[in-house]
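Have a look at the sequence and the fold, then read on for a tour of some of its residues.

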Amino acid sequence: MTSLRRWFAPLTDRTVPMALWYLFSGLLLGWIRFAAVVAMLATSLLLVVVLVGLPLFVLTFAAVSAFSSFECGRAALVDVDVSFRRPETRGGFWSRFVDTIGDPLRWRQVVFLLLAPIVATAAFVLAAGSWLLAISFASLGESTGVLAVVETTLGLVAAAFAVPLAARVTIAAGRGTARFTAAMVGVDEAADARARVEELTTSRAEILEAVAGERRRIERNLHDGVQQRLVALGIDLAMAERKLRDDPDAAAELLSSARGQTSGAIAELRSIGRGMHPAVLGDRGLDAALSSVIASAAIPVELDCRVDDDLSAADAETAWFVVNEAMANVMKH
């Protein structure tokens with residue numbers, strides 16, 4: 001009983017009449033578009049010698065793109081999602097003309113519109129033939145007497161099983177036609193995935209290079225700045241220790257110099273810390289973090305920070321980096 005219910009299930013599926021309409025309308029529209037595309041291309045080629053064909057080429061391929069996009073949208077009638085692969089265009093007329101003539105995707109759309117009516121005709125004939133076969137089974141019984149009853153009964157039984165088969169063939173023909181559309185002018189998911197992988201690979205390499213550059217900057221600043229200040233601090237403290245008893249004034253002068261070296265080392269460490277995530281950003285928010293950046297500026301700077309409550313941590317950190325780098329450039333130049 002379950003098998004019979006599953007076999008006759010397509011008879012209640014709304015996709016069947018939609019698929020029939022999809023195939024029939026695709027047949028009519030396909031041949032109309034075929035004639036229009038052939039006429040427009042032929043006219044453009046004939047008039048290209050007098051330069052009138054140049055804008056006609058652009059208009060022709062614009063119409064081809066619109067036809068292809070419309071066909072992608074029609075695939076929803078048979079529950080097939082087809083995302084239109086839209087060609088890229090530039091601003092000027094000559095640029096648009098060069099893009100139009102040299103873009104393989106646009107010529108692929110032309111090929112699609114020339115092949116689409118043939119595919120639509122074959123799919124419609126297949127679906128219509130399956131329904132005609134089911135109707136022919138139901139019309140059996142031209143004999144008379146008992147033989148006619150037997151033929152009619154067998155024909156009705158055969159038709160009862162042929163109708164669900166016709167429904168399945170109709171759905172398969174409609175979705176096959178829609179998948180042909182997707183293969184020709186739809187978004188190539190595999191190519192998009194490869195492009196996304198390449199983009200992520202490039203981004204990863206750029207991030208690693210940025211991290212390596214930041215590490216080199218920190219190492220260079222530590223070596224050239226803080227390390228030298230700490231060495232000088234150690235020398236001053238050692239000399240002050242030796243002169244503390246014999247020459248207190250000189251020792252006091254060396255200690256004062258050591259204090260200056262300490263302040264300089266602290267300032268160098270703060271400078272090195274620029275570009276790193278500040279603790280105040282996570283503890284007190286973007287306003288306080290930016291205020292700390294502005295406070296260390298040697299010139300008057302006014303801060304106007306208006307932050308939404310739903311600002312993400314990544315956005316806040318990006319804003320802090322931008323302001324911090326801008327202030328560093330201002331102080332430098």
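Leu56 is partly exposed because its relative accessible area is 27%. Leu56 sits in helix α3, which covers residues 53-74. Helices here are DSSP runs of H or I with at least four residues, strands are runs of E with at least two, and the numbering goes from the N terminus. Setting aside residues up to four places away in sequence, Leu56 touches Thr43, Ser44 and Leu47, where contact means heavy atoms within 4.5 Å. Leu56 and Leu41 are 15 residues apart in sequence, and their C-alpha atoms are 8.4 Å apart in space.

A quick word on where all this comes from. This is a predicted model, so to speak of local features takes a pLDDT of at least 70, and side-chain atom pairs count only at pLDDT 80 or more, while totals for chains, interfaces and linings use all residues. Residues are numbered from 1 along each chain as its sequence is written, and side-chain values use heavy atoms, with hydrogens and water left out.

**The overall picture**

How many helices and strands does the protein have? The secondary structure comes to 11 helices and 0 strands. Of its 333 residues, 29% count as buried. Take the contacts with a separation of 6 or more: residues 24 or more positions apart account for 71% of them. The accessible surface comes to about 20900 Å², and 64% of that belongs to carbon and sulfur atoms. Accessible areas come from the Shrake-Rupley method with a 1.4 Å probe, and for residues only the protein chains shown count as cover.

**Salt bridges**

Side chains of opposite charge can pair when their charged atoms come close. A salt bridge is a side-chain nitrogen of Lys or Arg within 4 Å of a carboxyl oxygen of Asp or Glu. A search of the whole structure finds 3 salt bridges, and here they are:

| Pair | N to O distance |
|---|---|
| Arg33 and Glu71 | 2.7 Å |
| Glu71 and Arg74 | 3.0 Å |
| Asp79 and Arg175 | 3.7 Å |

Start with the pair Arg33 and Glu71, whose side chains meet in a salt bridge. This pair links distant parts of the chain: Arg33 is in helix α2 (residues 15-47) and Glu71 is in helix α3, 38 residues apart. Arg33 counts as buried because its relative accessibility is 7%, and Glu71 counts as buried too, at 4%.

Glu71 also pairs with Arg74. These two are 3 residues apart in helix α3, so about one helical turn separates them. Arg74 is buried, with a relative accessible area of 7%.

Then there's the salt bridge between Asp79 and Arg175. Asp79 lies in the loop between α3 and α4 (93-102) and Arg175 in helix α6, so the pair ties together parts that are 96 residues apart in sequence. Are these two buried or partly exposed? Asp79 counts as partly exposed at 47% relative accessibility, and Arg175 counts as partly exposed at 25%. Salt bridges that share partners join Arg33, Glu71 and Arg74 into one network.

Thr15 lies in helix α2 and counts as buried because its relative accessibility is 3%. Which residues does Thr15 contact, leaving aside neighbours within four places in sequence? They are Val78, Asp79, Ile171 and Arg175.

Thr170 has its place in helix α6 (residues 146-185). At 0% relative accessibility, Thr170 counts as buried. Leaving aside neighbours within four places in sequence, Thr170 is in contact with Val16, Ala19, Leu20, Leu23, Ala127, Ser130 and Trp131.

**Out in the loops**

Leu303 is found in the loop between α10 (286-295) and α11 (313-332). Its relative accessibility is 32%, so Leu303 counts as partly exposed. Apart from neighbours within four places in sequence, Leu303 is in contact with Asp287, Leu290, Ser291 and Ile294. Leu303 and Ser291 are 12 residues apart along the chain, with 7.1 Å between their C-alpha atoms.

Asp247 belongs to the loop between α7 (189-243) and α8 (248-272). At 33% relative accessibility, Asp247 counts as partly exposed.

Technical notes
Buried means under 20% relative accessible area, exposed over 50%, partly exposed in between (1.4 Å probe, protein chains only).
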